[in-house]
Amino acid sequence: MLKAVQDGPAIVACNTCRYSSEDRDAQEGIRGGAQLVSALRAVKASDARYDGVAVQEMPCLFACTEFCTVHLRAPAKVGYVLGRFTPDEDAARAILDYAVHYAESEHGRVPFKNWPQGVKGHFITRTPPSGYVVEE
């Protein structure tokens with residue numbers, strides 16, 4: 001049931017997510033999550049700035065009402081679930097740009113001034129790392 005992956009800063013994308021709140025698949029019959037995974041991989045491969053962030057995928061993050069969902073995680077850092085993305089290059093670039101700031105942060109907190117416009121309004125939840133809770 002579990003598959004070992006690189007343990008470091010990563011975007012885990014749901015590859016079975018709906019295309020949108022109305023449509024399960026795009027017109028081509030491809031799930032939105034699969035399209036977002038492809039876009040993330042293509043954008044990551046196009047720029048060495050993204051080398052420190054892995055793009056991983058798995059079926060169903062259980063955020064089905066939010067469509068095109070990703071989980072941003074790294075050891076000993078607060079994690080974030082984001083969703084409601086259009087599965088395209090612009091969304092992938094915004095997610096990866098945020099992930100670079102996230103990877104460079106001490107505990108996973110990225111100052112709002114560094115958030116790419118494309119991730120604002122897409123945060124669903126934050127998750128504490130194992131063994132910790134967040135203190136304000």
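Colleague: Where do I start? Which pattern does the protein follow along the sequence?

Modeller: Start with the secondary structure. This is a predicted model. The protein has 2 helices and 5 strands. Along the sequence they read β-α-β-β-β-α-β.

Colleague: How compact is the protein for its length?

Modeller: Compare the radius of gyration with the globule rule. Here the radius is 14 Å, close to the 14 Å the rule gives for 136 residues, so the protein is as compact as a globular protein of that length. The C-alpha trace spans about 45 × 30 × 30 Å along its principal axes.

Colleague: What share of the residues is buried?

Modeller: Buried residues make up 42% of the 136. The protein exposes about 7,900 Å², and carbon and sulfur atoms supply 52% of that area. Sequence separation is also worth a look. Of the contacts between residues at least 6 apart in sequence, 66% join residues at least 24 apart.

Colleague: Which way do the side chains of β1 point?

Modeller: First the general idea. In a regular strand, side chains alternate between the two faces of the sheet. Now the case here. A10, V12 and C14 point one way from β1, while I11 and A13 point the other way. Residues on both sides are buried.

Colleague: Which strands does β1 pair with, and in which direction does each run?

Modeller: Look at the bridges. Strand β2, residues 54-58, runs parallel to β1 and is joined to β1 by 5 bridges. One partner pair is V12 with Q56 in β2. Between β1 and β2 the chain passes through helix α1, residues 32-46, and this β-α-β crossover is right-handed. Strand β3, residues 70-73, runs antiparallel to β1, with 4 bridges between them. There, I11 has L72 as its bridge partner.

Colleague: On to the cysteines. How many disulfides does the structure hold?

Modeller: The count is 0.

Colleague: What are the relative accessible areas of C60 and C64?

Modeller: C60 is partly exposed, at 24%. C64 is also partly exposed, at 49%.

Definitions and conventions. Residues numbered from 1 in each chain as written. Predicted model: local features only at pLDDT ≥ 70, side-chain atom pairs only at ≥ 80, totals over all residues. Heavy atoms only, no water. Buried < 20%, exposed > 50% of the residue type's maximum accessible area, 1.4 Å probe, protein only. Pairing = 2+ DSSP bridges. Right-handed = clockwise from strand over helix to strand, strands pointing away. Disulfide = S-S within 2.5 Å. Rg over C-alpha atoms; globule rule 2.2 N^0.38 Å. Contact = heavy atoms within 4.5 Å. Areas by Shrake-Rupley, 256 points an atom, 1.4 Å probe, with all protein chains shown as cover.
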